[in-house]
Amino acid sequence: MKIPNFGKDYGTKSIAPGTRVYGERIVKKGKDEYRIWDPYRSKIAAALRNNMKNFEVKPDSNILYLGAGNGTTVSHLSDIVTNGLIFAVEFSPRAMIDLYAVALERKNICPILGDAHKPDEYKDRMKECDILVQDVAQRYQVDILKKNAKLLKPGSWVYLSVKARSIDVTMLPKNVFKIVRAELEKDFTIYEQINLDPYEKDHAMFVLRT
Ligand SMILES: C[S@@+](CC[C@H](N)C(=O)[O-])C[C@H]1O[C@@H](n2cnc3c(N)ncnc32)[C@H](O)[C@@H]1O
């Protein structure tokens, strides 16, 4: 889906006008408010700025989001999925307090306090999804993805943010990404691999399909 742009920046039309989630800039167009999507705060925004071609989130998408944090990226996706839901999994109780506050203003966010390593513990609390976004910055990121991919419809799109240093601090990031790519190829079709520099150093976004 094409996201509106404001010069180089992307923005999402707010479903909760009058509110900000992370101090983001607001642009008003008539009665509508657009929230500028900060590429330094959101890896999806960084990937869009670095020319991601397959951004397939649509108004009726149902999203499983792993590593929801304080809800920064989730809030922009919530502006887009006006007829869908976001199941936002986060294991830090501190981050969950902020995420819950965001969800109070946005009825399409379902916060789940859970560990992305254990999808069996939350699978009954969600619908089948057609998009998965993962941003957990953990060593076993690919294992987490493989376990959760079972909760998706066939042909779902996956946006996997990989932080090289979480996997191996001693290896060059490009070599970490090579290993991750080879592992992903066994189970997914890889559409894009986007370097997130300069917004996120040593991170890549893999765009995949189940
Ligand atoms: C980089 S931050 C997420 C930022 C967020 N995605 C955003 O763009 O707004 C990574 C988050 O993943 C969470 N996390 C790490 N491992 C997790 C796991 N196994 N299950 C659930 N959440 C996890 C951390 O607590 C942290 O909040």
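**Entry 1: a first contact.** I began at E90, where a polar side-chain atom lies 2.6 Å from an oxygen atom of the ligand. A reminder to myself: this is a predicted model, and I read every distance here with that in mind.

**Entry 2: how covered is the ligand?** I then looked up how much of the ligand's accessible area the protein covers. On its own the ligand has 600 Å² of accessible area, and the protein covers 84% of that.

**Entry 3: two further contacts.** Next I turned to T73, whose side chain has an N or O atom 2.5 Å from an oxygen atom of the ligand. At Y65 I found a polar side-chain atom 2.7 Å from a nitrogen atom of the ligand.

**Entry 4: the surroundings.** Which pocket holds the ligand? I found the ligand in the largest pocket. I listed 18 residues around the ligand, and the closest are Y65, T73, E90, A116 and D135. I also sorted this shell by type: five residues are nonpolar, eight are polar and five are charged.

**Entry 5: a look at L64.** I moved on to L64, which I located in strand β5, a stretch that covers residues 63-66. Is L64 buried or exposed? L64 counts as buried because its relative accessibility is 0%, and the cut-off for buried is under 20%. Last, I checked L64 against A88: the two are 24 residues apart along the chain, and their C-alpha atoms are separated by 6.3 Å.

Key. Residues numbered from 1 in each chain as written. Predicted model: local features only at pLDDT ≥ 70, side-chain atom pairs only at ≥ 80, totals over all residues. Heavy atoms only, no water. Near = heavy atom within 4 Å. Polar contact = N/O pair within 3.5 Å; in protein donor to acceptor, adjacent residues only side chain to side chain. Areas by Shrake-Rupley, 256 points an atom, 1.4 Å probe, with all protein chains shown as cover. 1 Å grid on protein atoms, 1.4 Å probe; cavity = no way out; pocket = protein on both sides within 12 Å on 5 of 7 lines; lining within 4 Å. Sits in = over half its atoms within 2 Å of the grid points. Nonpolar A, V, L, I, M, F, W, Y, C, P; charged D, E, K, R; others polar. Helix = DSSP H or I, 4+ residues; strand = E, 2+ residues; numbered from the N terminus. Buried < 20%, exposed > 50% of the residue type's maximum accessible area, 1.4 Å probe, protein only.
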